[in-house]
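Subject: Two-chain model for your files

Dear colleague,

Here is the structure I promised to hand over, with my notes on it below. Please keep it open beside this message while you read.

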Amino acid sequence: MWKAIKDRETGRIRSNSFANRFKSGRILSLQLSNRKDFVSPHRGSVNSLQVDLTEGRYLLSGAADGSAAVFDVQRATDYEASGLIAKHKCIFTVDKQHDNGHKFAISSAIWYPIDTGLFVTGSYDHYLKVWDTNTAQAVVDFKMPGKVYRTAMSSMAMSHTLIAAGTEDVQVRLCDIASGAFSHTLSGHRDGVMSVEWSTSSEWVLYTGGCDGAIRFWDIRRAGCFRVLDQSQTQLGIRPPILKRTAVSSKFYSAAKSSLGGQNRLKTLQSKHTGSQSVKGSSSAKASTEKSRQKRIHPGMLSTLDRATAHYGVVTGLKATNDGMYLLSAGSDSRIRLWDIESGRNTLVNFETGRIQTNKAIQLDTSDDPALVFVPCMKTVKTFGMWSGRTTLMLRGHYESVNTCCFNSSDQELYTSGADRQILVWSPGGSVEDEMVQDEVAEDKDNWSD
Amino acid sequence: MKKRTNPESSASKAKKRRREEEDEEEVGCSHTAIEDQCLPLEDDLTFSDTCVALRMMRAQFPRIDQASTPPFILQSQLYSSVNDRTQVDRELECLRREKVVRVFKLNTGQDDHAIIFLDDYLNQVDRIVKRMEEKRQSDLEVFKWFKGHVLDSKLEPSIGHHELFSLLSLGGKVKDAHITLLINAGLLTRQLIDPDMYWFAIPSIGKLWKGLLQGRNELLSLLKRKRHKEMFLAELEKKRLRFSPLDVRFHIRDLIGSGHLKTVQTTSGLIVRISKD
C-alpha cells in the first residue's frame, strides 16, 4: 500500500485509478462483517432495503409484518465487546400499531430521492403511503386497485415527483405527491407488474417488468410503450455491431419484426392485426381487404398487440446500470439477462445462476468498478462479473431465502435481507491497519541484544 | 489406433478435462468429415468449441430403434462441456442464424432447450411425410409449405398463429385442417405459457421426454441416498437407469450443466456431488 501511495505522489498512477484500485480490492474481499451489525426490529421477512441517495447514510427497510424502519449506517447506537462490534439499532419504526400504518405486508419502501424528509411505502393492503420522516406520520395515501408489488421514484427527476407503482393490476399507475392524484395510467401489460424501475439516463423513461414475462419501456410524455424487449432479438457482444444491417435475427415476411424502430413496428403490428381478421385469399388480395376492414386502434395502444416476452416466467427484478446503457432483468425461469437499452437487444451474457426465487420480487444491485452484479439466489448471494457472467463471490450467511441486496458504494458494503428477518452487513475483509502492518519489513525477532 | 476404432468408450473420459476433450474433438470431426466430404473446405475449415461439442455429443447419442427421433442435445449439456457459458450462448446463436442447427423449447417446466442439426430435422420431416403417404392421408402439401416457407424464415422456437397462417399461405390456400395435420404429426405444439403461440416440436419425442424427466429424478435420488451424497464418476457411469432409454452419460452432462450436480477433482479421480444451493 505504501508503494501505491508513493506511485501516486510521483504521478505514476493517476488519482482515479489509485482510488479505484483500493475500492476494487475491497469489494472483491467482501465477507460477513464481524464489526457491524443491524439489530432488526422486524418480525416478518424483510422485503425491501434502500440506502438514501443524498448522503448514503440512512438505510430504510420494509418488512412483511407491515413495519418499516430506518437505520443510521455510519454511526452506531451502541458498542459491544469493548468497542469492537458496532450495533446499529433502528432510529424509528412505523408498524401496524401506528395510527395510519399499513395493515398487511410492506413490499417496497423507498426514500424520496431529493432529501430524506419523506419516504414512500407500498404494501399488500392496496395502499401506497408517503411518510414524513421527522414526525413519522403518513401524510398522503394513494389507494391502488391491487396489491402493490413495487414502487419507484426517479433519482434524476428535475420536473416531476412521480411515484411509479406496479401492482397486481395490469396497469402501472404514476402518483403525483404534489397534487395527491394519479397522473398517468400506463396500459400494455397482460398480467400484474412485479418490477418497476426508472431510467438512469432520462427522467421520462420508465422500465416495467410484468408477471407475463414482458419488459416494457415507457416514455411518460407519450402514450403507450415504445419498446418491448424480446429475448430472441439478440446481439453478439455488449455493443451492437456498427455498419451492419441490424435486422439479422430472422428473415422477415413483410418486415414483420424489423428492428428498425418503433414506428415501423407499430405500422406492421397494425397490419398484422388486421391481417388476422381476413385470413383467406392470396397475399395481393389481402392487402386491399386489410385496408377496407381496418379496425381503428390508437397508435399508443398498438403495443398491446406485441406479445414478445423477455423471460419464460415472471420478471422478478430489474436494475439499470448507473451509466444508463444496460438493463439487468431477473426472471422466475432462473435466468438473468443483460439488455442493451439503446438497441433493445439481449446481449446473451450467461449468468451462472442456479435457482432464483420465483414467487416474490427480488432486488438486484450493481457496482460500477469492478462491474459486478449482486443477486440473491435462494439462501446465498452470488456476485457475477457483469460482462463475463462468471461467479466471483458466493456469500453465505442467511438462514432462509434472501430477498434484497443493496450495495453502498461509498463504503463498499453490501446489505442483504431475507426471510429470516435479518439484515446482514457484508464488509471488506481485513482492515487498513492489517495491510499496513503486512507491508513493513518482517523483523527478525531473534535479533536482539541486551 | 485404439482411440480411432472406439470413439465412444474413450470419449467417455473426455468430458472431464479440456485437454483430453480437444483430442476427442479431433476424432469426432474425422467421423463426420467422411460424410461431409461434399462440402467445400472453406465452410468447414475452422470449428468453434460449441460446434465441435455439438458434433461430438451427436455422435454419442444412444441408438434407440423403437423411437425414430433425431439425435438431440440439451443446452445444459453444452454448458457442462465448454467452460465459458457466454461463449456457448453466442456461438449457438451464430450457428442458429447460419441455419446449421435448430433450437426447440422442451415442455419440461424448466428452461430446457434441445438442439438438433437441421439436416437431421429435415430428414425426420421427410420420414413423417412418407409415413403419412403410406396411410394415404390427404392435404400433404402443407408439409412442403412448412419446410419451404416456415422453417426457412422463422428461426425462433415459437411462432404466432397469424404469422404461421401468413407464412403457410405463401405456398397456397391454407385451411385449419392443415394446421391440425401439422399438430398431429408432432411438428407443432401448444404450451401453457401463451394460448396464441405455437411451439416447434421434435416429432415423436414423447418417450424420450418422459425418459429424460424420470432419468433425472432417478439419478438424483440415487445420489441422495448415499451417505455423503456423492459418488465417483467412474462408478456412476457404469450404472444403468431403469426408467430412461437415454444413457447415464446424457443425464450426467445435463445435470452438471443445469447446476444440480457438481464435480470435484480428487486424487483418485472425479467425484460427482449433489450441489447444496
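This is a predicted model: local features need pLDDT of at least 70, side-chain atom pairs count only at pLDDT 80 or more; totals for chains, interfaces and linings use all residues.

Residues are numbered from 1 along each chain as its sequence is written, chains are lettered from A and ligands numbered from 1 in the order in which they are written, and side-chain values use heavy atoms, with hydrogens and water left out.

The chains

Chain A has 450 residues, of which 53% count as buried (under 20% relative accessible area, with exposed meaning over 50% and partly exposed in between, for a 1.4 Å probe and protein chains only). Its secondary structure comes to 5 helices and 31 strands, where helices (H or I, at least four residues) and strands (E, at least two) are DSSP runs numbered from the N terminus. Chain A has an accessible surface of about 20700 Å², and 49% of that belongs to carbon and sulfur atoms; such areas come from the Shrake-Rupley method with a 1.4 Å probe, and for residues only the protein chains shown count as cover. Of the contacts in chain A with a separation of 6 or more, 49% are between residues 24 or more positions apart, a contact being heavy atoms within 4.5 Å.

Chain B, with 277 residues, has 51% of them buried, and its secondary structure is made of 14 helices and 9 strands. Where contacts in chain B join residues at least 6 apart in sequence, 63% of them link residues at least 24 apart.

One residue of chain B that I looked at separately is B:Ser158, which lies in strand β4 (residues 158-160) and counts as buried at 13% relative accessibility. Apart from neighbours within four places in sequence, B:Ser158 is in contact with B:Met197, B:Tyr198, B:Trp199 and B:Phe200.

The contact between the chains

The size of an interface is often given as the accessible area lost when the parts come together. Here chain B and chain A bury about 2900 Å² between them, with 49% of it on carbon and sulfur atoms; buried area is the accessible area (1.4 Å probe) that two parts lose on being put together, summed over both. Chain B brings 31 residues to the contact and chain A brings 30 residues.

How many salt bridges cross the interface of chain B and chain A? The rule finds 2, taking a salt bridge as a side-chain nitrogen of Lys or Arg within 4 Å of a carboxyl oxygen of Asp or Glu. One salt bridge pairs the side chains of A:Arg390 and B:Asp84, at 3.8 Å from N to O.

On the side of chain B that touches chain A, α7 (85-97) and α10 (161-168) each supply at least two residues, and α7(B) gives the largest share, 8 residues. The residues on this side of chain B divide into 15 charged, 10 nonpolar and 6 polar (Ala, Val, Leu, Ile, Met, Phe, Trp, Tyr, Cys and Pro count as nonpolar, Asp, Glu, Lys and Arg as charged, and the others, Gly among them, as polar).

Salt bridges

Over all chains, the count by this rule comes to 24 salt bridges. In one of them A:Glu413 meets A:Lys36, with the closest N and O atoms 2.9 Å apart. A:Glu413 lies in strand β30 (residues 413-418) of chain A and A:Lys36 in strand β2 (residues 36-38) of chain A, so this pair ties together parts that are 377 residues apart in sequence. A:Glu413 counts as buried at 9% relative accessibility, and A:Lys36 counts as buried at 13%.

In chain B, B:Arg96 forms a salt bridge with B:Glu93, the closest N and O atoms being 2.9 Å apart. B:Arg96 and B:Glu93 both lie in helix α7 of chain B, 3 residues apart, or about one turn of the helix, and both are buried.

Best regards
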